Amino acid sequence: MTETRISRWYFGGIASCAAACCTHPLDLIKVHLQTQQEVKMRMTGMAMQVVRSDGVFALYNGLSASLCRQMTYSMTRFAIYETVRDKISSRNQGPMPFYQKILLAAFGGLTGGFIGTPADMVNVRMQNDVKLPQELRRNYAHALDGLLRVWREEGIRKLFSGGSMAASRGAMVTVGQLSCYDQAKQLVLGTGVMTDNIFTHFVASFIAGGCATVLCQPMDVVKTRLMNSKGEYRGLVPAGIRLIPHTVLTFIFLEQLRLYFGIRVVTST
């Protein structure tokens with residue numbers, strides 16, 4: 001008899017929230033770069049300007065909205081992907097083919113991206129607020145305040161502004177993260193050189209983060225512009241500097257949750 005552990009449906013949301021707490025300043029700087037009217041600053045210069053003008057804690061503007069987004073968008077996509085993957089894998093007595101992982105990840109990301117659109121829009125607005133003159137700032141107190149104010153002041157349709165693009169972006173990033181992580185981990189373990197440990201998780205998640213950055217960057221730019229209606233953005237590197245660490249941390253947290261708190265599955269050998 002052998003015992004394995006599988007993730008609970010909500011582990012993806014918890015892991016994504018933990019990763020977001022670590023990488024939020026990078027996400028905020030990325031949004032600031034994306035919404036520049038002209039390309040005047042790079043990442044370091046933008047970070048220094050935010051700290052000088054509004055203090056260190058300004059780097060965490062919009063954190064509540066970011067966490068709200070992870071608990072809607074990421075929890076949905078991880079729950080769909082991992083629940084269906086585990087059921088199919090147990091039925092087939094082996095891992096899913098890569099093309100099935102891609103299709104499942106795309107569906108999970110599409111669904112999660114649309115569900116998470118309102119929180120994502122408030123997140124973008126709260127992060128960009130510090131760049132605006134005082135009289136133009138929205139000054140949302142927290143994510144729930146932002147959601148309610150958008151609903152009251154701009155209508156429920158505005159909450160889903162950029163929803164189709166957010167859903168498409170969600171599908172692409174989920175394909176890059178979840179299906180590529182699973183496949184990379186499967187291939188690394190298949191070599192027999194490495195075991196199922198944190199270093200393997202790091203290698204596989206780093207590969208997945210790179211794949212996700214390349215796949216989602218064009219849509220990420222358009223989504224940010226639709227939600228904020230200001231500026232433009234160029235450059236793959238700043239997006240990768242934020243998304244790759246977020247991907248790595250998410251999967252490392254997820255694997256630790258699975259190993260220590262996952263559902264026990266006992267199989268006969």
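1. Arg85 is buried, with a relative accessible area of 14%, where buried means under 20% relative accessible area, exposed over 50% and partly exposed in between, computed with a 1.4 Å probe on protein chains only. Its salt-bridge partner is Asp86, with the closest N and O atoms 3.0 Å apart, and Asp86 is likewise buried at 18%.

2. On the basis of the values: this is a predicted model, in which local features need pLDDT of at least 70 and side-chain atom pairs count only at pLDDT 80 or more, whereas totals for chains, interfaces and linings use all residues. Residues are numbered from 1 along each chain as its sequence is written, and side-chain values use heavy atoms, with hydrogens and water left out.

3. Across the whole structure the search finds 11 salt bridges, each defined as a side-chain nitrogen of Lys or Arg within 4 Å of a carboxyl oxygen of Asp or Glu. One of them joins Arg137 to Asp54 at 3.6 Å, N to O. This pair links distant parts of the chain, 83 residues apart, with Arg137 in the loop between helix 5 (117-128) and helix 6 (143-154) and Asp54 in helix 2 (residues 43-54); helices are DSSP runs of H or I with at least four residues, numbered from the N terminus. Asp54 is partly exposed, at 33% relative accessibility.

4. Within helix 6, Arg149 and Glu153 lie four residues apart, about one turn of the helix, and their side chains meet in a salt bridge of 3.2 Å, N to O. Arg149 counts as buried at 19% relative accessibility, whereas Glu153 is exposed at 51%. Elsewhere, salt bridges that share partners join Glu82, Arg85, Asp86 and Asp182 into one network.

Key: Helix = DSSP H or I, 4+ residues; strand = E, 2+ residues; numbered from the N terminus.
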